[in-house]
Amino acid sequence: MEDDAPVIYGLEFQARALTPQTAETDAIRFLVGTQSLKYDNQIHVIDFDDENNIINKNVLLHQAGEIWHISASPADKGVLATCYNKTADSKVVTCAAVWRMPAELEPGGQESPEDATSPAHALELLCHLEPAARGSTACIAWEPAGDGKRVISLADNHILLWDLQESSSQAMLASSASLEGKGQLKFTTGRWSPHHNCSQVATANDTAIRGWDTRTMRSIYCIESAHGQLVRDLDFNPNKQYYLASCGDDCKVRFWDTRNVAEPVKTLEEHSHWVWNVRYNHSHDQLVLTGSSDSRVILSNMVSISSEPFGHLVDDDDLSDQEERRLEEKSQEPPQDSVVATYEEHEDSVYAVDWSSADPWLFASLSYDGRLVINRVPRALKYHILL
């Protein structure tokens with residue numbers, strides 16, 4: 001099926017940071033940040049033209065340093081945040097800043113892929129999220145449903161809640177908390193829950209996962225040994241408020257119910273190396289993407305723990321007798337979880353996977369060699385979910 005063929009885009013530098021442009025719900029757009037020690041780093045703004053199956057791109061200069069993490073504002077298409085390396089007093093620290101893209105990059109102003117001669121635009125620095133003497137910033141998470149003014153950053157063992165003031169040009173530290181305990185405690189990643197009025201954040205440090213209440217900055221649950229080795233990534237189920245996915249260096253993907261953290265609800269063991277990324281589909285939460293240093297991207301159909309384990313919820317009044325009988329038969333079969341597809345277009349570690357904000361059936365993956373691949377959910381599964 002020609003339509004399901006992947007579309008591949010190559011960056012000239014190594015890269016590990018990828019995000020969809022969250023506030024953009026019409027155009028299929030991803031942002032990719034590069035990691036070069038020699039040259040000025042870049043953010044590639046990737047527009048995917050679904051009808052013609054081609055990629056248009058714009059390149060923005062990110063002269064501050066190599067990009068380790070990138071996230072886009074949920075409310076303003078032009079605003080994004082990066083975590084990047086900087087050398088200070090012969091030490092490398094990871095800093096965080098909020099940037100604005102040039103206005104001419106707003107929809108409609110793309111270059112064609114062949115137009116390599118046009119100059120790169122520079123990003124406008126809005127503000128630094130500098131945790132004074134608090135160490136390196138691992139990641140930044142925007143409040144998902146807000147006006148783009150509240151941001152969490154994780155710096156070493158500190159979780160910091162920022163309020164971005166007028167047009168994001170200033171960041172005020174609203175509250176913070178720290179990990180207490182022995183040893184080198186360091187956050188690796190964090191995600192903001194879209195549920196509970198956006199009052200909860202989950203963080204990972206070493207093999208543990210913790211939930212935090214942003215109103216009190218206190219820990220509300222803790223999964224001590226969530227994975228056998230380092231936890232790399234987390235994601236909340238968008239439709240089931242207590243469900244959380246995690247992945248890590250033990251090659252496993254685990255699903256948790258945060259009300260009962262003694263055991264995972266489900267464990268996947270499909271990858272053969274560290275799992276760097278796990279992402280729920282924003283609309284159909286049975287679809288889960290994972291990317292790993294085994295160079296593979298795996299799409300799983302976790303229907304048994306999804307919000308629609310037996311297909312779509314339908315009104316009984318609208319069903320004929322025959323349809324009702326068919327539904328009853330179907331509901332007696334236990335739903336089967338399965339691996340839908342394994343994507344092997346990458347030749348290097350896949351550090352990031354993410355769904356498009358504009359098209360729920362489309363996703364991108366990024367490997368360290370700078371290869372970005374855009375893929376679609378197989379058509380048969382798409383129709384099976386929809387019909």
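Trainee: What should I know before I start?
Mentor: The model is predicted, so local features need pLDDT of at least 70 and side-chain atom pairs pLDDT 80 or more, while totals for chains, interfaces and linings use all residues. Residues are numbered from 1 along each chain as its sequence is written, and side-chain values use heavy atoms, with hydrogens and water left out.

Trainee: OK, rings then. How many aromatic pairs are there?
Mentor: The count is nine. Rings of Phe, Tyr and Trp (its six-membered ring) pair if their centres lie within 6.5 Å; planes under 30 degrees apart are stacked, over 60 edge-to-face, the rest tilted.

Trainee: How are Phe255 and Tyr280 arranged?
Mentor: They're edge-to-face, 6.2 Å centre to centre with 70 degrees between the planes. Phe255 is in strand β21 (residues 253-257) and Tyr280 in strand β23 (residues 275-280), so the pair ties together parts 25 residues apart in sequence. Strands here are DSSP runs of E, at least two residues, numbered from the N terminus.

Trainee: What lies over the face of Trp276?
Mentor: Arg232, at 4.0 Å from the ring centre. For a charge over a ring, NZ of Lys or CZ of Arg must be within 6 Å of the ring centre and within 35 degrees of the ring normal. Lys240 has its charged end over the ring of Tyr243, 4.1 Å from the centre.

Methods: Helices (H or I, at least four residues) and strands (E, at least two) are DSSP runs, numbered from the N terminus.
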